[in-house]
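I opened the model today and kept notes as I went.

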Amino acid sequence: MTGHIGVYDARKVVTTVGGIFITGFADGTMVKASKDNDNFEASSSAQGDAVVSINGDGMGTIEITLNQTSPSIAVLDGFANSRAMVPVWVNSNNEVKEVVGGTKAMVTKPSDKEFGKSASNRVFTMKVFDYAVK
């Protein structure tokens, strides 16, 4: 009997910001996406009655890590400096299809700059105001 062997290919992950394809990712984690808060909070009374409070917060955070030579640095720095509200989507077209992002997002600030003997990374954080996982 043979088991299932899953195949993941980073080249099948596409990230767009403001409709522009982002390229020049750094080695390691290219994109990290997370919802800012849990969907609910649960608590119980002294007598053991459960209470569930639904959290309507729909915000999330997407972190994009680029190599210092990426042509997308100027694009993301530009969105940060202009304080533009843009869509951001991360699509994984691997065996397990995943889409995450939103139509209303902003780059929190231009990336920190570090210069040395070797190329360094540029990290951009985007706050997504209508974060969705599809």
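I looked up Thr16 and found its bridge partner in strand 7, Trp89. Strands here are DSSP runs of E with at least two residues, helices are runs of H or I with at least four, and both are numbered from the N terminus. This is a predicted model, where local features need pLDDT of at least 70, side-chain atom pairs count only at pLDDT 80 or more, and totals for chains, interfaces and linings use all residues. Residues are numbered from 1 along each chain as its sequence is written, and side-chain values use heavy atoms, without hydrogens and water.

I then checked how strand 1 pairs. Strand 1 and strand 7 run antiparallel and share five bridges. Two strands count as paired if DSSP finds at least two bridges between them. Strand 1 also runs antiparallel to strand 2, with two bridges. I noted Val17, whose bridge partner in strand 2 is Ile20. The two strands form a hairpin with two residues between them, and Gly18 in the turn has a positive phi of about 60 degrees.

Is strand 1 enclosed or open? I found four of its five residues buried, so strand 1 is largely enclosed by the rest of the structure. Buried means under 20% relative accessible area, exposed over 50%, and partly exposed in between (1.4 Å probe, protein chains only).

Next I turned to helix 1. Ser72, Ile73, Leu76, Asp77, Phe79 and Ala80 are buried there. They lie on the same side of helix 1, because they cover an arc of only 160 degrees around the axis. That arc is taken from the directions from the helix axis to the C-beta atoms. The face turned away from the buried side carries the exposed residues Ala74 and Asn81. After helix 1 comes Arg83, with a positive phi near 55 degrees.
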